[in-house]
Amino acid sequence: MVADSLPPAPDTVTDAHDGLPDSGPVLTTARFTLRPLRSTDAEAIHRLVNDWGVVRMLSRLPFPYPRQLTDEWIASTATQMQDGRAWHFAIIDRESGPERLLGCLGIRIEAATRSGDLGYWVGRSFWNGGVAGEAARRLAHWALANLEIERLTAQVATDNPASASVLRRIGFREIGVGKQPFLARGGEHPVLMFEARHGDLFSPAEPAGTAITAPPVVPGPVRRRTVLVAACALVDSNGRVLLARRPEGKAMAGLWEFPGGKIEADETPEMALVRELREELGIDISEACLAPFAFASHAYEDFHLLMPLYVCRRWKGMPVAHEGQTLAWVTSEALDSYSMPDADKPLVPLLRDFL
Ligand SMILES: Nc1nc2c([nH]c(=O)n2[C@H]2C[C@H](O)[C@@H](COP(=O)(O)OP(=O)(O)OP(=O)(O)O)O2)c(=O)[nH]1
C-alpha cells in the first residue's frame, strides 16, 4: 500500500450526500473492474480499511477509522472527479459472482507540475494475490494516456517492501527518500519516493523485470524495416502549433505528436498529409501550402522511422479530433512541457526557433 493513499484526511472538505451518480470512467483488467465509488461501497470499504495492518501504511487516515468518514470520503470522490482534481476507483473482483470490493485506488492531480500522485490499498484478506499490481498498472497506463499529466508519483513507507515492489513491477523508478506524517502512527515516517513517465511503464504483456534485464548482445548492425510517416506542424495566426495526443490502445499512447500518418505505397508525402489531415482532423489543406521543414530519422525498437515534417499555416475548416485523439494548440514556449515520441524530440527546438 502506498503511503499517500486513500481515503483522505478526516479534515478534507467533503460534500456528503446520499447516493452518487455512477458516472466516470470504468476500466477493466484481466480479473478486475475499476469503477467510480458508490455510497453503497461504504460498508465494505470501512470493514477492509479499518484494520491496523492497512491503515498504518496510509498516511492520511486515523486509527480507528470512523465509519462516518468513509461515507464523507465516498461522497467527495464524485466532486473531485468532476473537478478533475482526483480520480478514485473501487477495485471489484469480477470472478467472485456478486460484486466483491477488494480495495481502492486513485490518482490526485497536481496541475501546477502536470503530475498525478498514485495511491492504493487492498483489504488484508486479498493480499499476495497480485491485486494491487494489476489494478495500479491499469490505472497508471490510463492516467498517462488520458489525463493532463506527464508523470506519476507515489510514496511508500519504508517498512512496506511489498508495495515498493508492486511499483517497481509496474515500471516506477525510485527517485529518493523523504518523510511523511502518518496520522495513525502519530508522527512522521520515512518513505521511498517513486516516479513514472511515459515509456517507463511496462506493458501488461511484458514480464516483470524486462527493463532491467540486459539485452542480448547482437553482433553487427540491427536491421529494421523503415516506416515512412508524413507529419505536419499546423501553425495558427497566434504562432501556436497543433499537437495531437495518441489515444489509449495505440503504441506510445499519451504522447503528443504532430498530426499525420503513414505514407501509402502509391502516395507522395504531400498526398499522404492531405489525406491524413482530412481523416484525422476534418480539415482541407492544399499541397501548395505544405512547406518542407525538417525530418526525423529515428530507430525505434521494432522499426526505423523516417518522418518528413512540414509546416502549414493555411487550411480550410476547424481541426476536430476524428480518431479519439486529444488536440492542443501549444505556444512555442510550452512545447517542452508536452511529452512527445523520441523521434520528435530533435524537431522541437528547431520548430521553437522557427516560430
Ligand atoms: N503522425 C505522427 N506519427 C509519429 C510522430 N512521431 C512518431 O514517432 N510517430 C510514429 C507513431 C507511429 O508509429 C507512426 C505514425 O503512424 P500512424 O499514425 O499511421 O500509425 P498508428 O500507430 O497511429 O496507427 P496504425 O495506422 O498503425 O494503426 O509514426 C509524429 O509526430 N506524428
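**Labels and what backs them**

Reply: Let's start with R246, which sits in the loop between β10 (241–245) and β11 (256–257). Strands here are DSSP runs of E with at least two residues, helices are runs of H or I with at least four, and both are numbered from the N terminus. Keep in mind that this is a predicted model, where local features need pLDDT of at least 70, side-chain atom pairs count only at pLDDT 80 or more, and totals for chains, interfaces and linings use all residues. Residues are numbered from 1 along each chain as its sequence is written.

Me: Why is R246 called buried?

Reply: A residue is buried if 20 or more other C-beta atoms lie within 10 Å of its own, exposed if 12 or fewer, and partly exposed in between, with C-beta atoms placed from the backbone. R246 has 21 such neighbours, so R246 counts as buried.

Me: Which residues is R246 in contact with, leaving aside its neighbours within four places in sequence?

Reply: Those are M252, A253, G254, L255, E257 and Q325. Contact means that the two C-beta atoms, placed from the backbone, lie within 7 Å.

Me: And what makes P259 buried?

Reply: P259 has 25 C-beta neighbours inside 10 Å, so P259 counts as buried too. P259 is in the loop between β11 and β12. Not counting residues up to four places away in sequence, P259 touches A231, C232, L234, L242, A244, E276, L277, E280 and L281.

Me: How do you know that R246 and P259 belong to a "binding site"?

Reply: That comes from the UniProt annotation, an unreviewed entry, which covers R246, E257, F258, P259 and G260. Such annotations may be inferred rather than shown by experiment; positions follow the numbering used here, and feature names are shortened.

Me: What surrounds the ligand in the model?

Reply: There are 14 residues around the ligand, and the closest are E257, F258, G260, G261 and P341.

Me: How is the chain divided into domains?

Reply: The assignment gives domain 1 (27–209) and domain 2 (226–354), with bounds from an automatic or database domain assignment. Their centres, taken over C-alpha atoms, are 35 Å apart. The contact takes eight residues from domain 1 and seven residues from domain 2.

Methods. A residue is near a molecule or strand if its C-beta atom, placed from the backbone, lies within 6 Å of it.
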